[in-house]
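Q: Please take a close look at the aromatic pairs of this model and at the surroundings of their rings.

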Amino acid sequence: MEVMTDQSSAPAQDAARRDGFASRVGFVLSAAGSAIGLGNIWRFPYMAGEGGGAAFVLVYILFVLLLGFPVMMAEFSIGQATRRGAVQSFEVLAPGTRWSWVGRLGVSAGYAILAFYSAVAGWALGYLEKSVSGAFASPISADASGELFSSFIASPVTSIPAAALIIALSAAVVFKGVGRGIERASFVLMPIFFLLLLGLAVHSLMLPGAGDGLRFLFKPDLSKLTVPIVMSALGQAFFSLSIGMGVMVTYGSYLNRRETGLAPLALSSVAADTGVALLAGLIIFPAIFTAGMKPAGGPGLAFVTLPTIFSTLPMGSLIATAFYALLVIAALTSIVSMIELIAADLVDRKGWTRGRAVLLIAGVGFLLGIPCALSFGGSAFFTRFFGVPDGFFGLLNIAFGNLVMVLGGLFICLFVGWKWGMPQALKVLGIAEGKKLGVLLSFSIRWLCPAAIAAVLIFIVITGKFF
Ligand code: TRP
């Protein structure tokens, strides 16, 4: 007995000092909850639609497996090794160096993404309310739907409170902690999410345009591939997996030390994220082809094209309600992880209480969210914002949602591959260096990811185009 207590005393002490996930399933649901978000249901379908469908999807899946999965593993290994937040992790592993700026970059991206992301989540909440109150019960034309959307997002009276409500709900979850807040919320929300998703997918696959939708998503015409499409697939892979910012460092730090074998956890999260993106495509494209509309609807796809279609379907209000509820849930579990990224840093490094940290983050997120909500006509200044498309919102979206995430991914790979070292990382992950997976991960983290990301960055500099 004595000996047993002795053996388990170190992890037990650790667990007592630091909050954490109680189960592997809870961890996967939470990591998948972070990854699965507006990126899967709002962004992926419109990017696939604009990128010609299956060719984009194919490249996207390759990037997820070859680059996304290794970067997620790299982030988990850092967090698991240090059991600290995104900034302090680097301070612990590389004391006295500038590497902690990688963590700082990620935490700042957390604030920025929180701001514009909760604006879009607020739209989804508004559209959920519209669906419930029967706004899509009778057919509306594409023009009327476009008009409805632009006037909705231009009105600060609805968009600001909607975003504030989303932030407040997520902040309340984070305030309760990792095990009792995030993990529990994920246990409730993710199953509801999957049920809604499956129901909607089954419904869509029974529509007359299902065959066309499937062909569009899964029958690649590689001649359609262009350099910008390949680049946008890479950006989308990083965005969708929530990697490159330290979110997965933070979640990895809350995993029990005695957990061995993180590969299955990362693989499940990645598979869930990709599966949901594909299912979202299976929901949206059959409906689009059935209605005889174009797949390249752009960012308005989910808010302009879909309501037109919903409004013509039998039980359209119910389907619209399920769809926007899906968006809101997806957004909530992602926003929770953005807040946790920042909160963990303030708690671990600055010694703040969780309550104080969450209040500050929610406050800053709300304040930064106001110019985002005003970027669509509510204020001429923020709408135009020095000529950036989509104004202040667009600036945060491009600079942090794309550029910083990819840059962060690059630095994380360089750190793990060349500074801290693959042998250490693999040991933490419980993977033998000589095994196939170890070799593959080392190659990807040391060479493949840095090269692919460098190619994207060079492309951006040369063309001046962000994905
Ligand atoms: N992965 C999220 C999505 O697909 C978006 C996202 C990017 C994110 N970076 C993040 C979410 C950081 C939480 C934290 O919608």
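A: A residue is called buried under 20% relative accessible area, exposed over 50%, and partly exposed in between (1.4 Å probe, protein chains only). The model is predicted: local features need pLDDT of at least 70, side-chain atom pairs count only at pLDDT 80 or more, and totals for chains, interfaces and linings use all residues. Residues are numbered from 1 along each chain as its sequence is written, and side-chain values use heavy atoms, with hydrogens and water left out.

Rings of Phe, Tyr and Trp (its six-membered ring) pair if their centres lie within 6.5 Å; planes under 30 degrees apart are stacked, over 60 edge-to-face, and the rest tilted. Across the whole structure, a search finds 38 aromatic pairs. Phe310 is buried at 5% relative accessible area, and Tyr324 is buried at 0%.

Phe385 and Phe386 also form an edge-to-face pair, with 4.9 Å between centres and 70 degrees between planes. Here Phe385 is buried at 11%, whereas Phe386 is exposed at 72%.

One aromatic cluster includes Phe310, Tyr324 and Tyr127. The charged end of Lys130 sits over the ring of Tyr127, 5.8 Å from its centre; this requires NZ of Lys or CZ of Arg within 6 Å of the ring centre and within 35 degrees of the ring normal. Arg43 likewise lies over the face of Phe239, at 4.2 Å from the ring centre.
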